[in-house]
Amino acid sequence: MPRIGVASLVVAKVTQDTVDGVTYDTPVKFTKKLIRIGYQPTVNRVNLEADDQIVETVTGKGETRVTIDVTDLTPTEKALLLGSGTVQNGMRISNKDDQAPYFCVMFKSKKSSGGYRYVKLLKVQFQENNETYETKRQTPAFQNPTIEGVAIPRIYDGNDIVDADDDESTWDASLATNWFTSGDIPTVTP
């Protein structure tokens with residue numbers, strides 16, 4: 001079914017990702033913030049040619065580019081996503097030594113059927129967001145920031161994206177209940 005909306009931007013900081021396991025911090029919801037989110041996996045293809053033709057091809061999945069348009073980001077929200085330390089007196093100061101942490105990015109998209117598609121990008125690192133400021137015109141225009149990042153596979157299991165549709169025949173309703181409670185892949189409640 002076609003998608004007709006997007007809502008519920010939630011992030012959970014990756015606290016550990018090793019061959020022994022993956023853990024996430026408590027999820028943080030960005031209320032009334034999400035306008036648009038997009039992601040585009042990079043697929044690298046190499047062809048082997050012999051006798052003047054392609055005889056074999058192999059692909060490898062690379063990074064996934066993530067772009068999120070939001071209504072706004074507060075200094076505290078920027079500090080969280082970009083690893084900018086603390087906010088004092090309403091100020092966030094960006095520093096050349098800041099290191100953005102990894103996050104699981106979660107959201108849902110309304111479908112024309114009335115159901116939802118649920119999505120998790122399991123390990124995303126953001127970069128300083130793009131912002132534009134312009135004069136107020138006779139016909140005002142909203143000036144919303146865009147934040148971009150890169151999603152990569154988890155070290156633990158190689159997973160990078162999880163999506164689910166609640167109108168699939170194998171859908172379990174507990175997935176919707178648990179989707180935003182952890183950054184990890186939700187499990188079905190028996």
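**Exercise 1. Helix 1**

Task: In this predicted model, which residues of helix 1 (residues 75-82) are buried, and what do they pack against?

Solution: 
- Step 1. Apply the cut-off: buried means under 20% relative accessible area. Glu77, Lys78, Ala79, Leu81 and Leu82 are the buried residues of helix 1.
- Step 2. Look for their partners. These buried residues pack against strand 1 (7-18), strand 3 (28-30), strand 6, strand 7 and strand 8 (146-151).
- Step 3. Check the residue just after the helix. There, Gly83 has a positive phi of about 65°.

**Exercise 2. The cavity**

Task: How many cavities of 30 Å³ or more are there, and which residues line the largest cavity?

Solution: 
- Step 1. Count. There is one cavity of 30 Å³ or more. The volume of the largest cavity is about 40 Å³.
- Step 2. List the lining: Leu9, Val11, Phe30, Ile68, Val70, Leu73, Leu81, Phe126 and Ile147. Strand 1 and strand 5 (53-70) are the elements that give two or more residues to this lining.
- Step 3. Sort by class. The lining has nine nonpolar residues, with no polar and no charged ones.

**Exercise 3. The pocket**

Task: Which element gives the most residues to the lining of the largest pocket?

Solution: 
- Step 1. Take the volume of the largest pocket, about 150 Å³.
- Step 2. Find the elements that give two or more lining residues. They are strand 4 (34-50), strand 6 (102-110) and strand 7 (116-126).
- Step 3. Pick the top contributor. Strand 4 gives the most, with three residues.
- Step 4. Sort the lining by class: five nonpolar, three polar and two charged residues. Arg3 and Arg117 are among the lining residues.

Technical notes
Residues are numbered from 1 along each chain as its sequence is written. This is a predicted model: local features need pLDDT of at least 70, side-chain atom pairs count only at pLDDT 80 or more; totals for chains, interfaces and linings use all residues. Side-chain values use heavy atoms; hydrogens and water are left out. On a 1 Å grid over the protein atoms alone, a cavity is a set of points where a 1.4 Å probe fits but cannot get out, and a pocket is an open set with protein on both sides within 12 Å along at least five of seven lines; lining residues have an atom within 4 Å of a point. Grid points are joined across faces, edges and corners, and a volume is the space filled by probe spheres set on the points. Helices (H or I, at least four residues) and strands (E, at least two) are DSSP runs, numbered from the N terminus. Ala, Val, Leu, Ile, Met, Phe, Trp, Tyr, Cys and Pro count as nonpolar, Asp, Glu, Lys and Arg as charged, and the others, Gly among them, as polar. Buried means under 20% relative accessible area, exposed over 50%, partly exposed in between (1.4 Å probe, protein chains only). Contact means heavy atoms within 4.5 Å.
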